[in-house]
Amino acid sequence: MKALLIRDMRLAIRAGGGFGLGLAFFLLVAVIVPLGVGPEQAVLGRIAPGILWVGALLSCLLSLDRIFALDFEDGSLDLLATSPMPLEGVVAVKSAAHWLVTGLPLVVVSPILGLLLNLAPEGYVWLLASLGLGTPALSVIGSFGAALTVGLKRGGLLMSLLVLPLYMPTLIFGAEVVKRGAQGLAVATPLALLAAITAGSLALLPFAAAAAIRVNLR
């Protein structure tokens, strides 16, 4: 599993579809939004939680089609499916690699982008907490969508249509955590719901994704 994790991380970085692209898109969102809505600090501070979470969600979405597509094209996915490692474990490792290359860098740079969007100082801790807790769910849900569309021509658009509705609860509760934290309100309820979504995704979706891959490889 460790070797597969390192391999996928190296491939993602070399291909340019994970680390650099996701960070660049996240930065562009934080820079373009103030140009569109105006420089009023009160307005930017009010919309910052939602904008930051939307930017993180779309940044994760950009590289989802690479999770299984490259392995499917060169035949590696067939070898992984017949290897001693359970296919559910393969899905879990690939989801972890996607998060380490795409989700974790977004979490690290998010305070800087929060500063650009005039996020209230009280919200920075909750921004890090919500993204750190919620972005793993984005990667696992995305792996499920990528497994459903692997092998399909132009499956990226279909995958986006399938994955985006599944992303909505994570987006809603993640942004709510940051908004409440920035306002000094209690965040226990949305944070618990966000944690429940992530835990449920990690527990169930690798099995669903593995089943989808088996169907597509027949």
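**Figure 1. Contacts of Phe68 in the predicted model.** Phe68 is in contact (heavy atoms within 4.5 Å) with Leu77, Val91, Lys94, Ser143, Ala146, Ala147, Val150 and Ile213, leaving aside its neighbours within four places in sequence. The model is predicted: local features need pLDDT of at least 70, side-chain atom pairs count only at pLDDT 80 or more, and totals for chains, interfaces and linings use all residues. Residues are numbered from 1 along each chain as its sequence is written, and side-chain values use heavy atoms, with hydrogens and water left out.

**Figure 2. The largest nonpolar core.** A nonpolar core is a set of buried Ala, Val, Leu, Ile, Met, Phe, Trp, Tyr and Cys residues joined through side-chain atoms within 4.5 Å; buried means under 20% relative accessible area, exposed over 50% and partly exposed in between, with a 1.4 Å probe and protein chains only. The largest such core has 49 residues, and Phe68, Leu119 and Tyr167 have the most contacts inside it. Two or more residues each come from α2 (19-37), α3, α4, α5 (76-81), α6 (87-116), α7, α8 (155-183) and α9 (188-217). With nine residues, α7 gives the most to this core. Helices here are DSSP runs (H or I, at least four residues), numbered from the N terminus.

Figure 3. Helix α4 covers residues 66-74, and Ile67, Phe68 and Asp71 are buried in it. These residues lie on the same side of α4 because they cover an arc of only 65° around the axis, the arc being that of the directions from the helix axis to the C-beta atoms. Glu73 and Asp74, on the other side of α4, are exposed. Gly75 follows α4 and has a positive phi, near 85°.

**Figure 4. The bend in helix α3.** The 22 residues of α3 (residues 41-62) reach 29 Å from first C-alpha to last, close to the 32 Å expected at 1.5 Å a residue; the expected span is 1.5 Å times one less than the number of residues. At Ala48, α3 bends by about 50°, and a proline, Pro49, follows within four residues. The bend at a residue is the angle between axes fitted to the seven residues ending there and the seven starting there. Buried residues of α3 include Ala48, Pro49, Leu52 and Trp53.

Figure 5. A bend of about 30° occurs at Gly134, and a proline, Pro136, follows within four residues. Leu128 lies in α7 and counts as partly exposed, at 35% relative accessibility. Not counting residues up to four places away in sequence, Leu128 touches Val107, Ser110 and Pro111. Gly151, which follows α7, has a positive phi, near 90°.

**Figure 6. Asn118 in the loop between α6 and α7**. Asn118 has a phi near 60°, a positive value in a residue other than glycine. At 30% relative accessibility, Asn118 counts as partly exposed.

**Figure 7. Confidence along the chain.** The chain averages a pLDDT (the predictor's confidence in each residue, from 0 to 100) of 88, and 97% of the residues score at least 70. Confidence is lowest in helix α1 (residues 2-15), at a mean of 74, and highest in helix α7 (residues 124-149), at 94. Where pLDDT is low, the predicted coordinates should not be read in detail.
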